Amino acid sequence: MGLRVFLLAAALLALSCSHGAIASDPSLLQDFCVADKMSQVRVNGLPCKAAKDVVAEDFFFSGLHMAGNAANKQGSAVTAVNVAQIAGLNTLGISLVRIDYAPYGLNPPHTHPRSTEILTVIEGSLNVGFVTSNPENKHFNKVLNKGDVFVFPKGLVHYQFNNCTTGTVAIAALSSQNPGVITMANAVFGSNPSIPDDIVAKAFQVEKNTVDWMQAQF
Ligand SMILES: *[C@@H]1O[C@H](CO)[C@@H](O)[C@H](O)[C@H]1NC(C)=O
């Protein structure tokens with residue numbers, strides 16, 4: 001009898017965990033958990049500082065009115081506002097970025113392993129897209145103008161390209177306090193130490209010296 005009750009409880013627990021809690025960062029068990037950046041404790045997320053020590057500044061960031069410096073090879077700059085900038089975002093499952101694009105600037109193909117992204121164009125326009133997982137690898141593509149909104153589902157490879165002669169500004173929200181970024185080209189051709197060129201050559205079905213040339217760009 002005791003075993004049956006236990007199994008039933010375990011099954012109910014499994015059920016309750018299978019919806020909601022796994023959609024993004026884990027659900028809150030308290031009003032907030034402002035990250036204690038001094039703590040040496042290591043948990044999934046960051047430990048909370050004492051609630052009595054929490055102040056309004058723990059939920060505050062200033063500076064998103066300022067353009068990031070997009071004068072780089074790709075012509076884009078991401079200003080992130082996640083748990084690293086706002087300690088109060090710890091355990092809340094949400095964060096923000098501002099992205100500035102130079103004329104013909106690109107936010108190159110990348111993925112956020114821990115979050116879905118919803119992006120809106122504040123100024124200018126963007127050619128955006130994402131690609132689904134194997135085996136379809138279906139490419140969804142759309143041109144966005146000022147005020148348009150587009151969603152990049154969690155974990156999928158996506159990009160934004162400013163196909164015009166003037167700058168573009170976008171704001172995006174992400175469903176994690178710490179979305180993470182994996183840029184495809186950097187991971188494959190710019191890792192440290194490098195992935196051996198014969199491995200990359202076989203993966204991409206090109207000559208080894210083509211891979212060496214690609215790796216030299218990073
Ligand atoms: C950029 O715009 C030009 C001119 O409208 C068009 O021909 C080209 O296909 C566009 N490229 C991308 C990647 O959006």
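Student: Is H112 buried or exposed in this model?

Tutor: Buried means under 20% relative accessible area. In this predicted model, H112 has 7% relative accessibility, so H112 counts as buried.

Student: Where is H112 found?

Tutor: H112 is found in the loop between β3 and β4, and β4 covers 117-123.

Student: Which residues is H112 in contact with, leaving aside its neighbours within four places in sequence?

Tutor: Contact means heavy atoms within 4.5 Å. For H112 the list is E117, K154, G155, H158, L174, P179, G180 and V181.

Student: Which residues does UniProt list for "binding site"?

Tutor: The unreviewed UniProt entry gives N107, H112 and E117 under that name. Such annotations may be inferred rather than shown by experiment.

Student: Where does N107 lie, and is N107 buried or exposed?

Tutor: N107 belongs to strand β3, residues 106-111. Its relative accessible area is 9%, so N107 is buried. Beyond the neighbours within four places in sequence, N107 is in contact with S76, V78, I99, Y101, Y159 and Q160. With one of these, Q160, the side chain of N107 also makes a polar contact of 2.8 Å.

Student: Which residues surround the ligand?

Tutor: The ligand has N127, F161 and N163 around it. A side-chain N or O atom of N127 is 2.7 Å from an oxygen atom of the ligand. For N163, a polar side-chain atom lies 2.3 Å from a ligand oxygen atom.

Student: How much of the ligand does the protein bury?

Tutor: Taken alone, the ligand exposes 360 Å², and the protein buries 26% of that.

Note on methods: Residues numbered from 1 in each chain as written. Predicted model: local features only at pLDDT ≥ 70, side-chain atom pairs only at ≥ 80, totals over all residues. Heavy atoms only, no water. Helix = DSSP H or I, 4+ residues; strand = E, 2+ residues; numbered from the N terminus. Buried < 20%, exposed > 50% of the residue type's maximum accessible area, 1.4 Å probe, protein only. Polar contact = N/O pair within 3.5 Å; in protein donor to acceptor, adjacent residues only side chain to side chain. Near = heavy atom within 4 Å. Areas by Shrake-Rupley, 256 points an atom, 1.4 Å probe, with all protein chains shown as cover.
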